[in-house]
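The sequence and the model are shown first, and notes grouped by topic follow.

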Amino acid sequence: MADALSLNPLPAPKLGEPYLLTPGPLTTAYSVKEAMLRDWGSWDADFRGMTAALTQKLLAIAGDVAGEYACVPMQGSGSFSVEAMLGTFVPRDGKVLVLANGAYGLRAAETLRYLGRAYTLIDKGDYMPPRGTEVAAALVTDPAITHVIAIHCETSSGILNPIGEIAEAVRSAGRKLFIDSMSAFGAVDLDVTRIPYEAMVSSANKCIEGVPGFGFVIARKSALEAAKGNCHSLSLDLHAQWAYMQKSGQWRFTPPTHVVAAFLEALRLHEVEGGVAGRGKRYTRNRDVMVAGMRDLGFETLLDDLWLSPIIVTFFCPADPAFSFTRFYELMKERGFIIYPGKLTVVDSFRVGCIGRMDEHVMRRVVQAAASALTEMGVASGTPPAAALEERAKLAPSNAH
């Protein structure tokens, strides 16, 4: 199997697949796909060893040198694990401050509503992050707040939130922090020795570059011990899942065995590449090359450079009346790239992911494909409507930083 730093030949052309320029599922290495060709018994000792290795490697990535945290994998998509985290750790009389600047913060609030847990919301819209000073002020104003949940990378806009200052504000106020690091863990630093949290959630099919099928929660052991009997759900009870794994080494219910095998290979490649620092360096280079090329075509990013994540970037749609996102999507797919529609409520946009088994050479081909697609559509430039730029200037003034 090839070294993770030697990305050619890449798997997508080899298998005739398009590159997934999305925040997960994403393009995976051939060896990750190949790892799923064997069947595993979910109760077998070999698979129990695979589960143990998975949790140990994730705790190492999290920086848990003191052994204060546990890793609990959970079947299902990332949203299953977010709900498991909130339902397990927020007591029935607790209250959560939700920090939102896009769809996933709002989804956390909706989850809490379903769970019948009290919450309050700071909604920053699409352009700006919640800041530590705002969090500190909200916690002083409302002493009933017991927990705060923050989105590490809000992929609906592509914004990388300042999780360090948020964590410090929560710690200083004596409250507990949850982090949804679904699309950042593994490529953006989230070391628990520097950014303390009660629990963090991520997913197999994001920056570790595995395939969909499970998420995982890294949580303080003390929080897990205290959460017995708290969860609203049988299948999403993290305490019960953790306790059963501690006792038997097994998942309580049928695990995604093939996905676990693929994830272990993805973790091996992650380590070979240089861990969080190496993976983040490649993604950042992917972003920089792609953004520079798209700007040369006239496209504008939704966000100022200060807040651009190395995960996914949102672009305004061009003003040219010949531009149609549906047609642009089809033309990009014909050229081997699947992009992402926008998720904004105010302006038309689309998104281009930077993560997955891709390097800067692939991102240059993405820009070439975009240029070719615009030409075929008869679009002279990617320049967005003046109204979109005016909206950005109004909602994200340069002095807001």
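## Salt bridges

Glu 168 and Arg 171 sit three residues apart in helix H7 (residues 163-172), so about one helical turn separates them. The model is predicted, and the side chains of this pair meet in a salt bridge with an N to O distance of 2.5 Å. Side chains of opposite charge can pair when their charged atoms come close.

**The pair in helix H7**

- Glu 168 is partly exposed, at 38% relative accessibility.
- Arg 171 is also partly exposed, at 47% relative accessibility.

**Salt bridges of Glu 376**

- Arg 327 forms a salt bridge with Glu 376, and the closest N and O atoms are 3.3 Å apart.
- This pair links distant parts of the chain, with Arg 327 in helix H12 (residues 325-334) and Glu 376 in helix H13 (residues 360-377), 49 residues apart.
- Arg 327 has a relative accessible area of 32% and is partly exposed; Glu 376, with 46%, is partly exposed too.
- The side chain of Glu 376 also meets that of Arg 335 in a salt bridge, at 2.8 Å from N to O.
- Because Glu 376 lies in helix H13 and Arg 335 in the loop between H12 and strand E12 (337-338), this pair ties together parts that are 41 residues apart in sequence.
- Arg 335 is partly exposed, with a relative accessible area of 26%.

- In the whole structure, a search finds 25 salt bridges.

## Positions listed in UniProt

**Lys 206**

- An unreviewed UniProt entry lists Lys 206 under "modified residue: N6-(pyridoxal phosphate)lysine".
- Lys 206 is placed in the loop between strand E9 (199-203) and strand E10 (214-220).
- With a relative accessibility of 11%, Lys 206 counts as buried, because the cut-off for buried is under 20%.
- Apart from neighbours within four places in sequence, Lys 206 is in contact with Pro 23, Gly 24, Leu 26, Met 182, Ser 183 and Ile 355.
- A polar atom of the Lys 206 side chain lies 2.9 Å from the backbone oxygen of Pro 23.

**Arg 351**

- The unreviewed UniProt entry lists Arg 351 for "binding site".
- Arg 351 belongs to strand E14 (residues 349-353).
- The relative accessible area of Arg 351 is 2%, so this residue is buried.
- Setting aside residues up to four places away in sequence, Arg 351 touches a set of residues that includes Leu 21, Thr 155, Ser 156, Ile 312 and Lys 343.

## Nonpolar cores

- The largest nonpolar core has 49 residues, and Tyr 197 and Ile 218 touch the most other members.
- Helix H10 (residues 257-273) gives the largest share of this core, nine residues.
- A second, separate core has 40 residues, among them Val 289, Phe 315, Ile 339 and Val 347.
- Beyond its neighbours within four places in sequence, Ile 218 has contacts that include Leu 58, Leu 59, Phe 185, Tyr 197 and Met 200.

## Backbone geometry

- The peptide bond from Gly 24 to Pro 25 is cis, with omega near 5°.
- Pro 25 is found in the loop between strand E1 (19-20) and helix H2 (30-34).
- Gly 24, on one side of that bond, is among the residues in contact with Lys 206.
- Glu 209, a residue other than glycine, has a positive phi, near 70°.
- The loop between E9 and E10 holds Glu 209, and Lys 206 is placed in that loop as well.
- At 4% relative accessibility, Glu 209 counts as buried.

## Confidence

- The average pLDDT of the protein is 93, and 94% of the residues score at least 70.
- Residues 1-13 have a pLDDT below 50, and this stretch has 33 contacts in the model beyond near neighbours in sequence.
- Where pLDDT is low, the predicted coordinates should not be read in detail.

Technical notes:
Residues numbered from 1 in each chain as written. Predicted model: local features only at pLDDT ≥ 70, side-chain atom pairs only at ≥ 80, totals over all residues. Heavy atoms only, no water. Core = buried A, V, L, I, M, F, W, Y, C linked by side-chain atoms within 4.5 Å. Buried < 20%, exposed > 50% of the residue type's maximum accessible area, 1.4 Å probe, protein only. Helix = DSSP H or I, 4+ residues; strand = E, 2+ residues; numbered from the N terminus. Contact = heavy atoms within 4.5 Å. UniProt positions renumbered as here; feature names shortened; annotations may be inferred. pLDDT = per-residue confidence, 0-100. Salt bridge = Lys/Arg side-chain N within 4 Å of Asp/Glu carboxyl O. Polar contact = N/O pair within 3.5 Å; in protein donor to acceptor, adjacent residues only side chain to side chain.
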